[in-house]
Amino acid sequence: MSAHAKEKGMGLWRRATALTLLLLPLAFLLASGAFAAARKTGDGKVTKASGRCGSCHPDERVAFEKSRHAGEDMHCTSCHGGNDQSLDEAGAHQGNGWRGKITRAQDPAMCASCHADEKVMQPYDLPVDQYSQYQTSGHGKLLAKGDGKVAVCSDCHGAHDVLSAHDPASRTYVTNIPRTCGTCHGDTTLVRERKMKDTYHEYLGSVHAKSLFDKGNLKAPTCVSCHGVHGAAPSDIGNVNKVCGRCHTAERRYFKSGPHAAAMAAEQMAECSSCHGDHGIAPSETARLASSCVKCHDKGSKDEVLGATLLADYQSAAEAIEKAEKVVARADAVPIQTEDYKARIEEAHTYLFEALTAAHAVSPEAMSGYTTRARSVGEEIQEELGSKLQNITVEKLFLLVFWFYVIVTIGIIRRFRDAGPRAVK
Amino acid sequence: MSTLASETPARTRRDRAVDWIDARINLSELFSFLTHFGLIYTPVDTRRPLRDVLEQIRTTPLESYARWPHILGLLTALLFALEAVSGILLAFYYQPTALGAYDSTRSIVRDVMLGWLVHHVHMWGSWLLVAVVLVRMIRLFWDGLYQAPRELLWFSAVALAWLVIQLDFTGLLLPWDEQSYWSAVRGLEIVWALPIVGPMLSALVGGRTMSEDVLNRFYVLHIIVLPVLYLAFVYLTFATMRRVGLSRVGGVAPKLTTFRRHASDLVIITLLLFAGLVTLSTLMPFQFHGPADPYRTPKGTLPPWYMLAPYALFQLPLPRWIPGLALVGTAFTLPFLPAIVRAAGNRLDDKRLRMAGLAVFGLWLVLSVLGAFVDRR
């Protein structure tokens, strides 16, 4: 190929490249336009999830498209029946098992038509026993009796906008559960009408709610932790300690070993909640070791004295640790090595915490095992660190020796100074 | 005594040692260098033999500045030397990083042998140095020692005061404990609020937030830049003194003394100063605070005491630039006081000027007290 031809060939090549580069943004624009058009879901357009139903039911369509169901080959017709491709109302609202608006009484069975079907639920790894559990629950039993106001599936999960319980926007997400139950159990009118307890507002004041909402502890108990999820039922006397004991295992063990367990069972008293309350459980308070006895026992009785003994035992141990902490703070301000002592104080706090747990046995012997250990750790630290701090005070006496040498040295220098002439003429 | 040593033959052992040295190095050069720092007043000719130089130093009378009120100037230099020595010892262990600063400081005070003493001596020394430098400035003002030919002495006294305050402020941050951290933040807020100077300084330390970068820059300023500048002004002070001599306030001439007596006095004063610092450090050690937490300001945190007056000024319900301009203006006019006094002519006699100075000092004290309480409510 000659040089000229080569040049010409290269010119063509260059022109083609330039053209491609010019067309590239155009192609991109076209492609993105087509893409946007494909995504656009204007009124009356057929969409995968809701068909043509949204033309007349736009709010329901919007709610449904956001739901967990929309992405899973579910359509309006799956629950409501009818024909979602029809262009007129009469055609849409007939055939295919048309049901129209689903009543509260129909609701659980309708949801169960899929959610109790192992074959349908298996790909999602979802349980299929919710419907049977629901039927045993307080809600389910009342519904069966014809009570139209009790909770059905859609009251807790939503109707069109059902979301997964793992979605923080869901009504059934852990932090939203109290409010979802509270829709009825915290509704003052409904509560008065049906003679229920306003358990929602009681719960909001509890230590459990504080842990859930204020500290963000997602493991903190909500309504369903004690009452069950779909098989929601109140706990009976005799079962309360088992329910609480699911988390508070050590407390339950100590309680059962103590005199209260048999006595309260005989008197038909609820175990944990008799002292701690039920929904509005207050934070543990050590003073209650003594103050809660007189709720049942006589004032001045030996039982009240026992409570006071437990409290005094606990307080003396707590005081020893508090003093030890003050000594550690003083040592830190010097500073002296305190890491070991801080670790031991942590340990003492654990004993102190265990002592409160052991107090459920209402026996000084069970509790003193822990309080004695806590107290002795506190006293040891006070003594050891205290003597180290004392040593520093003693070390200050070395200043006397230091000044002695300083004064002697100055004396020597003065003699050297005065050995020479006082002034030069 | 008055006969020159070179005329008599070398007989004593000391004479032989001096000759031995003189035959090998020219130590006269060292003594010539030392004259710049005030210990030796005699002009030293580096070409003359060492024996002559030593004899000259020994026999030339000098004005003793190891006595009140000249001792303030001496302390400015001596305390700085003690700070330098203790500071170098601290720098052996200190790590100027946000992670290491607190732990290394704590290990100096807690674990290193006698580290607590060095640390506390350094801190007490800084307190004394700030006090001495400020008292010296007041004294020079009161006795009118900024007048000709002592303008440069005044200039360097003001410069030393500024440098000491900056040394103290930069050093304060280094332990990186909760008090030092937040005290420095409060102080920097004042600096950054100043017009013109504030933005320039914030650019120098790298922005308006406290960070590891600020720590690093403060460290470099504290151990290199500011001490070198300080030494330069110490030199300027002594160089001025060598030309104009010690002051004669009230017509009292400074005592003439010998080199031997003067040097002995210096050693005694240094020893007493060190012993005093050790005593203060042992009997009144500074409290050791917890580590700095950038997300939690301890209650009642104040800027360092010498910044309380500007702190109070900025709390006044005025636009920031008014107190800011007043502060910057004062800072820049103070070194040029002699020129201002001369420009004012005979309208400002000594007495009026003293009263004006007293009023400014009183205002500063009142503002400082206000600044200490302004945050507490």
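# Notebook: a look through chains A and B

I began with chain A, where the C-alpha centres of domain 1 and domain 4 of chain A lie 69 Å apart. The domain bounds come from an automatic or database domain assignment. For chain A they are domain 1 (45–101), domain 2 (114–232), domain 3 (235–283) and domain 4 (302–397).

A note on reading this: the model is predicted, local features need pLDDT of at least 70, side-chain atom pairs count only at pLDDT 80 or more, and totals for chains, interfaces and linings use all residues. Residues are numbered from 1 along each chain as its sequence is written, while chains are lettered from A and ligands numbered from 1 in the order in which they are written.

**Chain B, overall.** I looked up the extent of chain B next: its C-alpha trace spans about 80 × 60 × 40 Å along the principal axes. I found 15 helices and two strands in chain B; these are DSSP runs, numbered from the N terminus, with helices being H or I of at least four residues and strands E of at least two. Of its 377 residues, 32% count as buried. Buried takes 20 or more other C-beta atoms within 10 Å of the residue's own, exposed 12 or fewer, and partly exposed lies in between, with C-beta atoms placed from the backbone.

**Domains of chain B.** Here the assignment gives domain 1 (5–60) and domain 2 (71–301). Their C-alpha centres lie 35 Å apart. Six residues from domain 1 of chain B and seven residues from domain 2 of chain B make the contact, where contact means C-beta atoms, placed from the backbone, within 7 Å.

**Where the chains meet.** I then asked how many residues of chain A are in contact with chain B. There are 20, and they touch 22 residues of chain B. Helix α23 (residues 398–419) of chain A gives the largest share of chain A's side, nine residues. By class, that side of chain A has 14 nonpolar, three polar and three charged residues. Ala, Val, Leu, Ile, Met, Phe, Trp, Tyr, Cys and Pro count as nonpolar, Asp, Glu, Lys and Arg as charged, and the others, Gly among them, as polar.

**Helix α11 of chain B.** This helix (residues 259–283) has 25 residues and should span 36 Å at 1.5 Å a residue, which agrees with its end C-alpha atoms being 36 Å apart. The expected span is 1.5 Å times one less than the number of residues. Buried residues in α11(B) include B:Phe259, B:Leu277 and B:Ser281.

Which bond joins A:Val334 and A:Pro335? It is a cis peptide bond, with omega about -5°. I placed A:Pro335 in the loop between α20 (302–332) and α21 (339–358) of chain A. Another cis peptide bond joins B:Ala148 and B:Pro149, with omega about 5°, and B:Pro149 sits in the loop between α6 and α7 (151–173) of chain B.

A:Asp73 is not a glycine, yet its phi is positive, about 60°. Is A:Asp73 buried or exposed? A:Asp73 counts as exposed because it has 9 C-beta neighbours inside 10 Å.

Terms used: Two residues are in contact if their C-beta atoms, placed from the backbone, lie within 7 Å.
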